[in-house]
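Reader: I have a model open and would like to learn how to read it. Please take me through it feature by feature.

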Amino acid sequence: RNMSLQSIMVSEKQLIIMVQVNNPAEWRKLYDKYASAMYGLIYNLTKDRSLAEEIFMGAFLDLKQKQIISKNKCALYPIIMRHTYSFTTKHLMEISISPKNSNPPKVAEIIHLLTTQCNSLKEVASILNISDNDNHPPN
């Protein structure tokens with residue numbers, strides 16, 4: 001079960017290529033791999049199961065329709081989580097609900113470093129002087 005970072009990146013590159021050609025089996029793999037993290041983030045922002053499920057379905061479909069994965073230059077997790085966060089907060093604003101849990105400064109900085117700067121978890125942990133074990137997505 002212990003995969004090297006290089007093998008994870010290779011499998012993510014293969015997944016990106018297959019998603020680009022719209023392979024349904026690869027979209028299913030993407031869903032299986034990232035759905036719980038996406039839903040967890042959305043639920044954390046809404047604290048409402050029904051609303052979180054509705055937003056999750058919209059966010060996942062939006063991910064596919066806008067071909068966000070195929071424009072990716074970083075690892076998939078930060079790209080998908082940034083999309084999920086942006087989609088959720090935009091949706092909440094549209095329906096006049098404020099997010100229930102706004103990011104503490106360190107979490108916002110972690111997201112920024114992972115998504116816009118394309119840093120690895122180890123690099124982010126080093127930059128912020130925190131343990132990289134504290135920043136993994138829930139299983």
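Reader: Where in the protein is confidence lowest, and where is it highest?

Author: The score to read is pLDDT, the predictor's confidence in each residue, from 0 to 100. In this predicted model, helix α1 (residues 5–20) has the lowest confidence, with a mean of 63, and helix α3 (residues 49–65) has the highest, at 93. Over residues 6–10 the pLDDT falls below 50, and this stretch has two contacts in the model beyond near neighbours in sequence. Residues 134–139 are also below 50, with eight such contacts. Contact means heavy atoms within 4.5 Å. Where pLDDT is low, the predicted coordinates should not be read in detail.

Reader: What does the protein average in pLDDT?

Author: The average is 76, and 72% of the residues score at least 70. Residues are numbered from 1 along each chain as its sequence is written, and side-chain values use heavy atoms, with hydrogens and water left out. As this is a predicted model, local features need pLDDT of at least 70 and side-chain atom pairs count only at pLDDT 80 or more, while totals for chains, interfaces and linings use all residues.

Reader: How many helices and strands does the protein have?

Author: Helices (H or I, at least four residues) and strands (E, at least two) are DSSP runs, numbered from the N terminus. Here there are six helices and zero strands, and the pattern along the sequence reads α-α-α-α-α-α.

Reader: What share of the residues is buried?

Author: Buried means under 20% relative accessible area, exposed over 50%, and partly exposed in between (1.4 Å probe, protein chains only). Of the 139 residues in the protein, 35% are buried. The accessible surface comes to about 8800 Å², and carbon and sulfur atoms hold 54% of that surface. Such areas come from the Shrake-Rupley method with a 1.4 Å probe; for residues, only the protein chains shown count as cover. As for contacts with a separation of 6 or more, 57% join residues 24 or more positions apart.

Reader: At what angle do α2 and α4 pack?

Author: Axes are lines fitted to C-alpha atoms, for helices over the stretch in contact, and angles run from 0 to 180 degrees between N-to-C directions. Helix α2 (residues 24–46) and helix α4 (residues 76–94) pack at about 40°, and their axes are 10 Å apart. Handedness follows a rule: a crossing is left-handed if the near helix is turned anticlockwise from the far one by less than a right angle, and right-handed if clockwise. This crossing is right-handed. The residues in contact include Leu30, Tyr34 and Leu41 of α2 and Ile80, Thr84 and Leu92 of α4.

Reader: How do the residues of that contact divide into nonpolar, polar and charged?

Author: For this count, Ala, Val, Leu, Ile, Met, Phe, Trp, Tyr, Cys and Pro are nonpolar, Asp, Glu, Lys and Arg are charged, and the others, Gly among them, are polar. The contact of α2 with α4 has 13 nonpolar residues, four polar and no charged.

Reader: Is Asp62 buried or exposed?

Author: Asp62 lies in helix α3 and counts as buried because its relative accessibility is 11%. Leaving out residues up to four places away in sequence, Asp62 touches Ile68, His83 and Phe87. Phe87 belongs to helix α4 and is partly exposed, at 21%. With the same exclusion, Phe87 touches Ile55, Gly58, Ala59 and Asp62. The C-alpha atoms of Phe87 and Ile42 are separated by 9.3 Å, though the two residues are 45 apart along the chain.

Reader: Why does Glu26 count as buried?

Author: Glu26 has 11% relative accessibility, so it counts as buried. Glu26 sits in helix α2 and touches Leu15, Met18 and Val19, not counting residues up to four places away in sequence.

Reader: Which value does phi take in Lys47?

Author: Phi of Lys47 is near 55°, a positive value in a residue other than glycine. Lys47 is in the loop between α2 and α3 and counts as partly exposed, at 45% relative accessibility. Ser96, also a residue other than glycine, has a positive phi near 60°. Ser96 is in the loop between α4 and α5 (105–115), and its relative accessible area of 69% makes it exposed.
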